[in-house]
Amino acid sequence: MGMRVPWILGLLLSASVSFAPSYTYTGSWYSSASFPVGKTTNMASHKLLLRPCTVADIPSLAILHNTCFAGPRNELIYGNVTIEDKLKHYEDGLRVYFDNSSSDSHAEPYNVVCIVDATLDNTIISYAIWVQFSNGYLPSSDPQTQHSYLPSGANEALILESERKAAEIRSAHPARLQPHWHLSTLCTHPDHEGRGAASMLINWGLKRADETGMVNCFVESTPRGLDVYKKRGFTEEVGVLEMDMSGHEGGEKVGVARWVALMREPKK
């Protein structure tokens, strides 16, 4: 089952909901010291750990995703969907990124990584999905543009428009026809913004992109997130995605949503 494009429709938006539950991870851990995040005003970032996600994390990631992307746009897409169906929808989408429902290995070409807080029983506070397009961008390899089932009550017309426009902007720039990495999802629990978690996840992907062949990296950002990405080297604007939500029932209060496609050249 494909993940829905609404996963990109609220990048770095905030909400105020309780923490997602955490799960014990027994694999390799990476401390924040391994991925410098720049100067901080306190020691909070040193309590954060970066690790790969597992199948057992899927329920936590779904709740975190629902928390981070709550707001008018999400309500427009899922306003008539029960919370149970919405979380199940998110969980089903996340499973695409693993080899199968019982395997903790990530399906090629996906990389799902998260940040946990060691002082909160290793609660997941942030996560990212990096996609490695070894042969250039293909919509068939991008779950966020593949239409599948929809939960009852979802705004299908808006989702279809989102899928089409996302595929268009991700195919438009010539460099996307070459091997590259794409940061398709990034969200941090609003109670933990400003601690360096997002920077750790961005730096993780950039480091691997440079190590695996010195390739370009791409991301689509809301206006709010532009400074975050530009500080990490995404300095070239290579496209704009705009959606007039007022054309959909209930979208008058949302208006025009805008995302900017950014490219980061490999670090030499």
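The exercises below, each with a worked solution, concern a predicted model.

In this model, residues are numbered from 1 along each chain as its sequence is written. Local features need pLDDT of at least 70, side-chain atom pairs count only at pLDDT 80 or more, totals for chains, interfaces and linings use all residues, and side-chain values use heavy atoms, with hydrogens and water left out.

**Exercise 1. Confidence**

Find which strand of the protein chain has the lowest mean pLDDT and which has the highest.

Solution. Begin with the term itself: pLDDT is the predictor's confidence in each residue, from 0 to 100. For the protein chain the average is 78, and 77% of the residues score at least 70. Next, take the elements, where helices (H or I, at least four residues) and strands (E, at least two) are DSSP runs numbered from the N terminus. The lowest mean, 40, belongs to strand β1 (residues 30-31), whereas strand β2 (residues 48-52) has the highest, 95. Finally, note that pLDDT stays under 50 over residues 1-43.

**Exercise 2. Salt bridges**

Identify the salt-bridge partners of R95 among E91 and D92, and state how these residues are placed in helix α3.

Solution. The criterion is a side-chain nitrogen of Lys or Arg within 4 Å of a carboxyl oxygen of Asp or Glu, and a search of the whole structure finds 14 such salt bridges. R95 meets E91 at 3.7 Å, N to O, and R95 also meets D92 at 3.1 Å, N to O. Now turn to helix α3: R95 and E91 are separated by about one helical turn because they are four residues apart, while R95 and D92 are three residues apart, about one turn of the helix. R95 counts as partly exposed at 32% relative accessibility, whereas D92 counts as buried at 12%. To complete the picture, K88, E91, D92 and R95 are linked in a network of salt bridges.

Notes. Contact = heavy atoms within 4.5 Å. Buried < 20%, exposed > 50% of the residue type's maximum accessible area, 1.4 Å probe, protein only.
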